[in-house]
Amino acid sequence: MAGSLGQRAGCPTATSAGASGAGGAGPGSRPGAALLDVSDLRVQFRSRGGVVNAVQGVSFTVEPGRTLAIIGESGSGKTVSAYAVLGLLPRTAQVSGSIRFDGIELVGRRERDLRDHRGRNAAMVFQNPERSLNPTMRIGTQITEAIRCHLPLGRAEAHERAVELLRMVRLPAPERRFYEYPHQLSGGMRQRVVIAIALACEPRLLIADEATTALDVTTQAQIMDLLLGLQQELGTALVMISHDLALAASYAEEVLVMYAGRVVERAAAGDLFGSVRMPYTRALLNAIPRVELEPHVLLPVIGGRPPDLSTIGPGCSFAPRCPDAQQDCRLQSPPLKQHEFGHWWACWHPCGKGDVQ
Amino acid sequence: MTATPPGAHTTGADTTAGTAGSDALLEVRHLVQEFVLRDYGGVKGGVLQAVSDVSFDLHAGETLGIVGETGSGKSTLARSVIQAPPPKHGQVIFEGQDLVGLPNRAMKSVRRDMQMVFQDPFRSLDPKWTISRIVAEPLIAYGIGSRAERRERVRSLLDLVGLDPASHGGRHPRELSGGQAQRVAIARALVLEPKLILCDEPVSSLDVLVQAQVLNLFEKLRAELGLSYLFIAHDLALVKQVSDRVAVMYLGKLCEIGPVRDIYREPLHPYTLALLNSIPNPDPSAAKRDTGSVISGELPSPLDPPSGCRFRTRCPKAEERCAAEAPPLRALADGRQVACHFPLSQVAASKATAGQATAGDDGG
């Protein structure tokens, strides 16, 4: 059973395990099917202060080789959703709904199975490379550790593979860097090492959680180009989690906007800017300082703060801050629906066409 | 007619003094900041020149944005201006008085007019103090006002930065969101009615909606109180939003400085162009990023900077001359200055130094 999770795509065992795990409806690995299918994901944290509903019914799919960006403010549930996909949430978290990876249900799996799933099937790059790397270990050792943990390779083979990975992430002089420590590298180079570790077992899904937020703009552009280049080379599906809508729109194919634990808008990145529908997305877009704007122009801002996730009111969670909110917004929460082809939104009173500004 | 006066090597930065007139609030001249690195046992390991011969002016009511990558020396520059620690060489003239070498007592009275706002509000606010106490602290330190007057001043300032004195005043920093905490840091910086505020990445730790609110607050305070800002950020779009003029730094040197509109419309230094090209844009209809001109490579070690122009190792236009000869910061028309042998636009560059005298009128 533990082995079936780690199987490669197309194996009959994977399909049968998916069928048994997902109650027969599993799409298996037929061509064109989603690699990752998250539906009605809910995550609750119980604490002394009460129950926090961090994620409230999130659904999305990611196809192989595609890039999905999940964006939202701090506390919108984007990182918690990603952690759920990798099975990284602490025991205090109550996860319900369904997360199917290549047809195999992950919710309710044992930790042992999930550990096999991580690294081989899906890997993550975190925001702060300093904290993802062990400062007392040579970077080569850290990469070979990840390789040998999941693949049956000998010491020499793992070394060779590690140098190859460092070359793949375009770290200069990989043979020499193999023996260096993290503090000897710049922030951008450290993030390259973290990406090399994430790619060690050729995962089919890579989750980048604010992977470039701590980096300079120039380095950010380099790392994003590297990620997208590797994605095309390897056919990996990429989920980028970011608070930066501009970054998401310029690098991802599809954008998912989260607010207070829910998905409020989902569209192709190219469509989102021109035909934004959800007032929250519009507020986010308007608040980005842009080089086309004149200096000293005040940015259109909305007041208020995201709601407390321990109490869910009946209405739309954005209604208290929404400039377009009406009576019905406070009474009933709008469902996320596909209103136009490829464009979902959850709003009773969506913005009109080209309503940015 | 070439734009390189023969004497530019030594006097290049001095020409900026000519544009300043007497109305500059802050004049920085040939500022150099060095740190001596120690190896094991206290042996001198090397000298890191974090800021290398930087000169600029800041007028009253003006905002100068400083942009550059990590390690470009922009934060060190701000700290040298406020004498924490004082620079190794050069002058920092604030309201006609050179601050370098000023006794501590005299410096304390200058700091009343010069305050700083840092990147992480939670690290710059004392976690054990209430918000009211934090904002009142500078008044107590300078012995200003009676208890009741101070309380009134704190109330009006919290109100000014958009916090509710009644409900927020008694709280502790941990009970605030990031945006609220940064507002407290701004209120504390304003309580002594300074003339200049040095902002070091003041909004980069905030979410985009909160960031916009705090940026608007900076604008409002500038308009209402006539403040001058030295605004440090790595985000070029953000710097454009708040600045009148922009200075671009690379490895401790100024690459380019000039009015914000000109620099963004027509960057002269290849590094400025590279920075502009790396900004992500949410609008798909905007001109697509030219990925070819995204800067490659890593920032060289500041311990061993490249000879000649420091940017040459990453510059697509570098030639032999760039390695041999460090380009001086030369003054061009319209108050622009650039340190490059081969500026991107010859049109702007060939307007030459004739227009210097007209450059100082953007202080409103």
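## The sheet of chain B

In this predicted model, chain B holds an open sheet of eight strands. The strand order is β6-β7-β8-β3-β9-β10-β12-β11, and the pairing is mixed. Two strands stand at the edges: β6 (114–117) and β11 (330–331) of chain B. Each has a single partner strand, so one side of each is left without a neighbour in the sheet.

Strands of a sheet pair through backbone hydrogen bonds, either parallel or antiparallel. Now take one pair. Strand β9 (residues 245–250) and strand β10 (residues 253–259) of chain B run antiparallel. Six bridges join them.

Which strands does helix α13 of chain B touch? This helix covers residues 270–277 and packs on the sheet. Helix α13 touches β3 (63–67), β9 and β10 of chain B. Its direction makes about 100° with that of β9(B).

Another helix, α9 (residues 178–190) of chain B, lies across β6 and β7 of chain B. Helix α9 runs at about 175° to β6(B).

Chain B is divided into two domains. Domain 1 is made of two stretches, 10–113 and 194–358. Domain 2 spans 114–193. The contact takes 22 residues from domain 1 of chain B and 19 residues from domain 2 of chain B.

Look at the domain 1 side of chain B. The elements giving two or more residues to that side are α4 (104–111), β7 (196–200) and α10 (208–225) of chain B. What kinds of residues make up this side of domain 1? They divide into 14 nonpolar, three polar and five charged.

Terms used
Residues are numbered from 1 along each chain as its sequence is written. Chains are lettered from A and ligands numbered from 1 in the order in which they are written. This is a predicted model: local features need pLDDT of at least 70, side-chain atom pairs count only at pLDDT 80 or more; totals for chains, interfaces and linings use all residues. Domain bounds come from an automatic or database domain assignment. Two residues are in contact if their C-beta atoms, placed from the backbone, lie within 7 Å. Helices (H or I, at least four residues) and strands (E, at least two) are DSSP runs, numbered from the N terminus. Ala, Val, Leu, Ile, Met, Phe, Trp, Tyr, Cys and Pro count as nonpolar, Asp, Glu, Lys and Arg as charged, and the others, Gly among them, as polar. Two strands pair if DSSP finds at least two bridges between them. Axes are lines fitted to C-alpha atoms, for helices over the stretch in contact, and angles run from 0 to 180 degrees between N-to-C directions.
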